[in-house]
Amino acid sequence: MSDSTVAVSGAQAEGAHSGHHEHPPYQRHHFETIEQQMDATSFAMWLFLLTEIMFFGGLFTAYLIYRNWYYPAFVAGSHQLNIFWGTANTAVLITSSFTMAMGVWCAQTRRKGGLVLSLCLTLLLGLVFLGIKSIEYSEKIEKHHVPGFHYSLRSFTDPASDPEIYDQYHDKPLALDMARHTEMYFGLYFAMTGMHALHMIIGCAILGYLIFRAQAGDYTTGHVTFVENFGLYWHFVDIIWIFLFPLLYLISRHG
Amino acid sequence: MSSSTIVSLPDQSTARIPKVNFITKENGLLSWLLTGDHKRIAMLYLASITFFFAIGGALAGLIRLELLTPQSDLMATDTYNKVFTMHGVVMIFLFLVPSVPATLGNFLIPLMIGAKDLALPKINLLSWYLYVAGGILVLYTMAAGGVDTGWTFTTPLSTHYLNTNVLSTGIAIFIAGFSSIFTGLNFIVTIHKMRAPGMTWFRLPLFVWSHYAASILMVLGTPVLAIALVLVILERTMGIGVFDAAKGGDPILFQHLFWFYSHPAVYIMILPGMGVISEVISTFSRKRVFGYTAVAFSSVAIAVFGFFVWEHHMFIMGVSSYSTLVFSLLTMLVAVPSAIKIFNWSFTLYKGSITFETPMLYAFGFMGLFTIGGLTGVFLGTTGTDIHLTETYFIVAHFHFVMVGGMLMAFLSGIHFWWPKMTGRMYPEKISQLAALITFIGFNFTFFPQFILGTLGMPRRYAAYPAEFQVLNVFSTAGATILGVGYLLPILYLTWSLRYGEIAGSNPWQATGLEWQIQSPPLTENFPEIPIVDHDAYDYDWLERKHEREREVTSV
């Protein structure tokens, strides 16, 4: 134990946060330095993303278990998904992650015009994603593939009745027992993509706010943490899709 | 020093509460509702959890009253189901989970580590609002006729067979869960990034360590509960089939998801309480906590092991007997870090200068009752005995020994211990010692008979029971009445003390934590200057030296 001359009496040195030393206007008062603030907030964001992983983890667990149990139903179910729109949406999201990354870079290099443009593009792509998703959902509604709402087994017990899909995959009819498990596939499909879409909607709302503040020049004077942290969120939602897309659309597809 | 008390108060004729402090800084309702100050948010939490504790307690009173007689006569059986469900929901999600962390933890962690606030004050405030929103939804549920799934939302009962307010309760817990996530997240970030210069990890008070461990559980566990509830809601509204055996779903999957959170949740509830006990035992024995490092790591060990024992809630649900073996073993392993704590607290007492102020009395209550609660947990973790004892009153008694005997005692201990810091005034010592005693006696009368009832085979969750169980049930209900008095007293005299209590001064217990070296109640940003820490936690010699220096300065 060293001798305790200053003990808890405090740091008299001028380095401490006292008196009139300057700090940027966006530094919150309870932080000692701006580095501490940036460190703390980005750490918090990563932790939040960790909770999101646990949240989606529950859904992925359910998916993996039931896929193992009811493999034929999951294959038949995935054949119903529209690969064209799915791929298009993947491209849209990856592009939006690029524009988001550009936005963060613009904020860091203090380019206001570039930041606003990137954020607007990101928002636009996000909305395109949601639009495409709604096209896909409406296809499912038309075919009565929404669990609980007059769910129809016809496409699975009698695949030939659904020529568009049948011509592509030549699925054999499923026994009634197995066909009924397709409802579970679509249940998980809606739960997983729905939760993802909900995150997209929240993201788009925050983007609107960011654009508003960016226009006022709030993020191009060195205060980049908010934009950076939102970028992390956006990329995270993107990554969730990167897992959803193969699990739901691709891995059960045999040409 | 052989006095029977360590309390040292300033001269009451001259002492004043500091004019400027976090309570007087600003006035008006809005200054509280929009505050970012962790201490004010802690006070908001304290008021709201006390409110919900009163509701949960009243429901417990109704349960005990119904069980006074073997017949179901006070209320209809499905009303009884609703009452015990609401008791569980309110007490677990709205009282036990936030009790110590959101009040004492919120108030003290920044003070203990030498920070001006938690890292994310707005998120902290948001967490309180989420808590209130969840609470209001629970109140709505009660007004709308309640819910009778049991607090565990067991599927398919909750998804298919009940026509009660499962949705609003589910959404309420979902929202309150986010309040807990944000509290935990805030603590982790704060403890990592906001420590004062010199406050190394192994100089942190054990209170901070145990909150860190609990926060890990909150952050990793609660989202899984959230998704489990989302799936229950989707199952109920859309029938997506994941928990519906008729569609090929498996209700047991719900059990896995639910207990993946809800078992760690009991450690979320107990760990912060253990932190309180470490501080109190050390202060009133005038000794550094024995085996500081072991106690610190045992908190983390509980957090880690706690994630791998959930299946012991499912031994009777037809899970594989090989996995029950593994989970049984892991369950017993959790007893090890808990025992490390109990042993180290006992060694701290050994040859300490023990005094018996109220917080210490509650701490003794904790040690005894938690040990009983913990050891009966080992009985239940043993697969053979579990099959006999689970779903009986034995498990009710076990859980209440840990949660009420353990956590609630720790909560009251902590509230009394830090009351002078939070309010600047002392609670009345004699009556509070009496209250601690009443609580202890009432508790044992209430819950010990339930162990016997359980081994005799009385099942839980029924409004009626065979007449031969009546004597023990009457004991239990009588005990609950005493316990009720024990809880009412602190609410009354603590409120009284807000105005009439003695002025406490900055350090009435002569404790070593940073929080005791500043004025009570503290300033809005806690420290006029950020302290530099050059001593370990619980270093009473350091405190002596500090006092000597201060005396020298004043005599010169």
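Colleague: How many residues does the contact take from chain A and from chain B?

Modeller: In this predicted model, the contact draws on both chains, with 40 residues coming from chain A and 44 residues from chain B.

Colleague: Which element gives the largest share of the side of chain A that touches chain B?

Modeller: Two elements of chain A give two or more residues to that side, namely helix H1 (34-69) and helix H8 (182-215). By class, the residues on the side of chain A that touches chain B divide into 23 nonpolar, 13 polar and 4 charged. The largest share, 16 residues, comes from H1(A).

Colleague: Is chain A a compact globule or more spread out than one?

Modeller: The secondary structure of chain A comes to 9 helices and 0 strands. The globule rule gives 18 Å for 255 residues, whereas the radius of gyration of chain A is 25 Å, well over that value, so chain A is more spread out than a compact globule.

Colleague: Within chain B, are H2(B) and H3(B) roughly parallel or roughly antiparallel to each other?

Modeller: The axes of helix H2 (residues 38-66) of chain B and helix H3 (residues 77-96) of chain B come within 9 Å and cross at roughly 150°. Angles over 145 degrees count as roughly antiparallel, and H2(B) and H3(B) are therefore roughly antiparallel.

Colleague: How many nonpolar residues does the contact of H2(B) with H3(B) have?

Modeller: The crossing of H2(B) and H3(B) is left-handed, and the contact is made by residues including Phe52(B) and Leu59(B) of H2(B) and Val83(B) and Met91(B) of H3(B). By class, this contact has 1 charged, 2 polar and 16 nonpolar residues.

How values were computed. Residues are numbered from 1 along each chain as its sequence is written. Chains are lettered from A and ligands numbered from 1 in the order in which they are written. This is a predicted model: local features need pLDDT of at least 70, side-chain atom pairs count only at pLDDT 80 or more; totals for chains, interfaces and linings use all residues. Axes are lines fitted to C-alpha atoms, for helices over the stretch in contact, and angles run from 0 to 180 degrees between N-to-C directions. Helices (H or I, at least four residues) and strands (E, at least two) are DSSP runs, numbered from the N terminus. Angles under 35 degrees count as roughly parallel, over 145 as roughly antiparallel, 65 to 115 as roughly perpendicular and the rest as oblique. A crossing is left-handed if the near helix is turned anticlockwise from the far one by less than a right angle, and right-handed if clockwise. Two residues are in contact if their C-beta atoms, placed from the backbone, lie within 7 Å. Ala, Val, Leu, Ile, Met, Phe, Trp, Tyr, Cys and Pro count as nonpolar, Asp, Glu, Lys and Arg as charged, and the others, Gly among them, as polar. The radius of gyration is taken over C-alpha atoms; the globule rule is 2.2 Å times the number of residues to the power 0.38.
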